[in-house]
Amino acid sequence: MHINENTADDDLIAMIVNGSESAFDLIYERYWKRLYNEAYKRLNNSSDSEEIVQDVFVDLWKKREVRQIDNLHGYLLSAVRYQVFAVYHKRKNLPAFEEPLDYMALSHDAADSDYLREELLSGIRLWLETLPEKRREIFRLRYLEGLSTIEIANLLDISRKTVQNQLLTSQQSLRESIGRLLTVALYWLLQ
């Protein structure tokens, strides 16, 4: 079969299963930039984004004979999303509630993603009501208003260290309170 830029994804998949490097090169050219942009908009790091996309393509080639791919674009996008999530998890530098919310925003199934997002936000709202007033205010200023810890300290006339301690305590409490819900939500999204 002759390959050109108009060759359908299904045909390209069939060809790479049979070892066609030309088909693989065309898939790479067709999707590399889109996948890179998808990773970069979440990670904001070009090196990590390039590495993720490279790993996804290496995996596609190595496992070409065993993978059953019905939708190439969807498959590649899901693979990149999974790798982005893995980087988030490896970094462990995001608050417990931001990571799954970001991942849900990446989900290709909008209905499931919206539902899970609302469930999580509802859980966070309920949890927020259980916090002492001062801690709730610090949490709200940091994560809903987007103020820095210094700005919060100045606004509330308390030390920055107190703000940081209150945020840390809040994050630990939130992680414990809705951790199970997050686990279920992430498991659902990764299916």
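Student: Is the crossing of H7 and H8 right-handed or left-handed?

Tutor: In this predicted model, the crossing of H7 and H8 is right-handed. The contact draws on Lys134, Glu137, Ile138, Leu141 and Arg142 from H7, together with Thr149, Ile152, Leu155 and Leu156 from H8. Sorted by class, the contact of H7 with H8 comprises 5 nonpolar, 1 polar and 3 charged residues.

Student: Which residues does UniProt list for the sigma factor domain?

Tutor: An unreviewed UniProt entry lists residues 128-167 as "domain: RNA polymerase sigma factor 70 region 4 type". In the model, the span 128-167 is 75% helix and 0% strand, and its end C-alpha atoms lie 12 Å apart.

Student: Turning to H1 and H2, what is the angle at which they pack?

Tutor: Helix H1 (residues 9-17) packs with H2 at an angle of about 135°, and their axes are 8 Å apart. H1 and H2 are therefore oblique to each other. Their crossing is left-handed.

Student: Which residues of H1 and H2 meet?

Tutor: On the H1 side they are Asp9, Leu12, Ile13, Met15 and Ile16; on the H2 side they are Ala23, Phe24, Leu26, Ile27, Arg30 and Tyr31. By class, this contact of H1 with H2 has 9 nonpolar, no polar and 2 charged residues.

Student: At roughly what angle do the axes of H2 and H3 cross?

Tutor: The axes of H2 and helix H3 (residues 46-62) cross at roughly 145° and come within 9 Å. The crossing of H2 and H3 is right-handed. Among the H2 residues making the contact are Phe24, Tyr28, Trp32, Tyr36 and Leu43, and those of H3 include Ile52, Val53, Phe57, Leu60 and Trp61. The residues of the contact of H2 with H3 divide into 15 nonpolar, 3 polar and 3 charged.

Student: How many aromatic pairs are there, and why is the pair of Trp32 and Tyr36 stacked?

Tutor: Rings are paired when their centres lie within 6.5 Å, and planes under 30 degrees apart count as stacked. By this rule the count comes to 7 aromatic pairs. The ring centres of Trp32 and Tyr36 are 5.1 Å apart and their planes lie at 10°, so the pair is stacked.

Student: How are Trp32 and Tyr36 placed along helix H2, and what separates them?

Tutor: Trp32 and Tyr36 are 4 residues apart in helix H2 (residues 21-43), and are therefore separated by about one helical turn.

Technical notes: Residues are numbered from 1 along each chain as its sequence is written. This is a predicted model: local features need pLDDT of at least 70, side-chain atom pairs count only at pLDDT 80 or more; totals for chains, interfaces and linings use all residues. Side-chain values use heavy atoms; hydrogens and water are left out. A crossing is left-handed if the near helix is turned anticlockwise from the far one by less than a right angle, and right-handed if clockwise. Helices (H or I, at least four residues) and strands (E, at least two) are DSSP runs, numbered from the N terminus. Contact means heavy atoms within 4.5 Å. Ala, Val, Leu, Ile, Met, Phe, Trp, Tyr, Cys and Pro count as nonpolar, Asp, Glu, Lys and Arg as charged, and the others, Gly among them, as polar. UniProt positions are given in the numbering used here, feature names are shortened, and annotations may be inferred rather than shown by experiment. Rings of Phe, Tyr and Trp (its six-membered ring) pair if their centres lie within 6.5 Å; planes under 30 degrees apart count as stacked, over 60 as edge-to-face and the rest as tilted. Axes are lines fitted to C-alpha atoms, for helices over the stretch in contact, and angles run from 0 to 180 degrees between N-to-C directions. Angles under 35 degrees count as roughly parallel, over 145 as roughly antiparallel, 65 to 115 as roughly perpendicular and the rest as oblique.
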